[in-house]
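Dear colleague,

I am passing this structure on to you, and below it I have set out what was found in it. Please keep the sequence and the 3D view open as you read.

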Amino acid sequence: NPILYGNTLGRITRMFESNSLRGCGGVVPPKLPTSNKKTKELKSKKEGGGGMDEMTETPVGMNILSRSLVVLNLYFDNKLFGQYDFSEMIGQHMRQQCAVPELLLTSTDWLSRMAKPMYDTLKSLCLNRHRERGFTESILLPAFQLLQYEAANVDEKFRREHGLDAKTTASYASNYVIVNTIRLMERHVGIGIELGLYPNWYDLSTALWYRDFLLSALINVKGSVERERVQRREIDLRIREEEAEEEEKKVKQAQLLLLQQQQQQQSKKKGKTKKGKNKSKQQQQQQPTSPIPSSTLASPTEASSVKLSAEDFEDRLDYTSLLLHRNLCRGLVRYIAALRQAKLLLDPPASITMFTTHQKRFEKRFEAFSTLPQPPSLSYEDYIRGSDFSAVQSQDLLSSASDCFRSGKGVVDWLLDVIVPAESCDEYTIDLAEKRKDDDLYIGIRREEIMALAKVCVSNSLFLHKLASMTGGAKNSGKSSVSLDFKAHKLYCTLSIT
């Protein structure tokens with residue numbers, strides 16, 4: 001699919017991420033009953049794969065043959081997939097994602113410098129989970145560390161050469177590099193959760209807390225970039241309207257000049273015979289009323305009706321998905337804190353700090369992020385301050401966690417409205433800037449995953465309600481226990497109270 005239908009870097013990346021996630025179930029998939037295993041396999045094959053049954057399979061993703069074929073055809077004949085100029089594709093992606101001016105791209109060799117790291121980013125999505133995580137730590141993050149310094153120099157040079165103010169001019173190249181860096185970091189933490197590197201609640205709370213920070217940083221950067229894009233679009237719209245008005249003035253002036261010339265010709269021919277007059281009238285009727293065809297003019301009304309493109313809508317889906325993931329991470333962190341206040345979670349065993357400390361464990365987990373200029377790496381002290389809810393009342397903490405899951409469920413409902421089942425509509429009548437079919441190749445999230453995330457939101461909300469209804473919401477009777485369940489989704493657990 002990426003080779004046949006990938007026509008932009010953003011779409012190719014989403015396709016690679018979807019293929020990488022294919023077949024990935026929970027962190028610890030349950031064993032299926034022998035009697036039902038063959039039935040489920042037949043049902044999965046009949047439906048073409050990708051159903052909820054696959055959520056219970058081993059998280060292996062694409063097989064090695066598929067990965068090898070994709071990598072083999074990723075770049076040849078000095079072109080991506082042998083079809084596209086990679087530098088031009090990166091430039092288009094920079095304009096789409098961060099509103100980078102064309103002048104910055106043409107006046108520097110920045111696109112050539114970006115080619116190798118962006119190629120490695122695509123290549124990493126063709127690796128299995130274990131190799132991708134190691135590849136990100138050893139190759140991608142160090143490369144993007146250097147890119148951030150170089151991007152800052154490119155922005156400074158661009159502002160200096162064109163006399164732009166650093167306070168009012170966005171750091172275009174830096175914003176693009178930082179967005180891609182945070183996406184790598186967030187994916188790195190998510191893969192660690194998928195691989196079961198955070199099996200206990202105290203480890204999982206650390207990963208979710210850090211992922212919440214990364215998602216918030218990514219949302220803030222993309223939000224500021226989107227505001228910049230809107231401002232640039234409004235400026236371009238005003239420029240087009242002014243150009244249309246100027247063109248209309250020129251047309252009117254040309255028409256007025258033509259009319260004056262015709263009147264002068266008529267005055268010179270005055271006194272001639274009636275036949276000559278009739279002939280001049282016929283010639284006057286054959287003269288064009290405007291030297292410029294009206295079809296080439298864009299009226300202000302047409303220019304102002306700017307509509308979102310199909311790729312803009314795909315980016316909006318990605319941004320909305322980030323909001324959903326942040327709500328889930330934040331809700332789970334606060335849910336775990338509420339369970340600790342209720343004495344339903346046991347403290348970490350002393351044996352894990354026999355030869356090390358909690359701080360050293362935290363630093364080793366996120367050591368790969370420590371050398372990056374942006375976003376700044378978080379310390380263990382930051383985690384202690386950010387996850388300490390001892391001063392918050394139990395009911396307030398429960399209400400805050402419930403609000404996170406409720407907000408997540410609202411995002412889920414919106415996604416289900418705009419991503420419709422494949423069989424419910426015709427692909428020729430659907431507006432690609434407002435809705436998408438579930439089997440659309442260019443979207444980064446499917447209804448299957450949305451329903452799984454909805455299940456996480458609803459299940460945890462119900463258990464939060466159960467926790468709130470317990471005695472005082474903060475005391476454990478000694479009969480209740482908490483278990484982590486990853487059956488619904490591979491990244492987000494359900495904290496069941498039994």
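Which side chain does that of Glu314 meet in a salt bridge? In this predicted model, the partner is Arg14, with a distance of 2.8 Å from N to O. The two residues come from distant parts of the chain, since Glu314 belongs to helix 13 and Arg14 to helix 2 (residues 9-21), 300 residues apart. Both Glu314 and Arg14 are buried. They also belong to a network of salt bridges that links Arg11, Arg14, Glu314, Asp315, Asp318, Arg436 and Asp440.

Arg183 counts as partly exposed, at 30% relative accessibility. The salt bridge between Glu248 and Lys252, at 3.9 Å from N to O, lies within helix 10, where the two residues are separated by about one helical turn because they are four residues apart. Glu248 is partly exposed, at 38% relative accessible area, whereas Lys252 is exposed, at 53%.

Turning to open space, the second largest pocket holds about 580 Å³. Its lining has 25 residues, of which Trp201, Arg340, Tyr383, Ile384 and Ser387 are the closest to its centre. Helix 10 (201-268), helix 13 (310-341), helix 14 (358-365) and helix 15 (380-386) each give two or more residues to this lining, which divides into 12 nonpolar, six polar and seven charged residues.

On the surface, Ile64, Leu65, Leu69 and Leu72 form a nonpolar patch, with about 470 Å² of accessible area together. Leu65, which is found in helix 4 (residues 64-72), is exposed, with a relative accessible area of 55%.

Some details of the backbone also deserve a look. Gln374 and Pro375 are joined by a cis peptide bond, with omega at about -10 degrees, and Pro375 lies in the loop between helix 14 and helix 15. Asp77 has a positive phi, near 55 degrees, although it is not a glycine; it sits in the loop between strand 1 (75-76) and strand 2 (79-80) and is exposed, at 61% relative accessible area. Ala99 likewise has a positive phi, near 50 degrees, in the loop between helix 5 (86-98) and helix 6 (102-106), but Ala99 is buried, at 8%.

Notes: Residues are numbered from 1 along each chain as its sequence is written. This is a predicted model: local features need pLDDT of at least 70, side-chain atom pairs count only at pLDDT 80 or more; totals for chains, interfaces and linings use all residues. Side-chain values use heavy atoms; hydrogens and water are left out. Patches are made of residues with over 30% relative accessible area and no salt bridge: like charges are joined within 9 Å, nonpolar side chains (Val, Leu, Ile, Met, Phe, Trp, Tyr) within 5 Å. Accessible areas come from the Shrake-Rupley method with a 1.4 Å probe; for residues, only the protein chains shown count as cover. A salt bridge is a side-chain nitrogen of Lys or Arg within 4 Å of a carboxyl oxygen of Asp or Glu. Buried means under 20% relative accessible area, exposed over 50%, partly exposed in between (1.4 Å probe, protein chains only). On a 1 Å grid over the protein atoms alone, a cavity is a set of points where a 1.4 Å probe fits but cannot get out, and a pocket is an open set with protein on both sides within 12 Å along at least five of seven lines; lining residues have an atom within 4 Å of a point. Grid points are joined across faces, edges and corners, and a volume is the space filled by probe spheres set on the points. Ala, Val, Leu, Ile, Met, Phe, Trp, Tyr, Cys and Pro count as nonpolar, Asp, Glu, Lys and Arg as charged, and the others, Gly among them, as polar.
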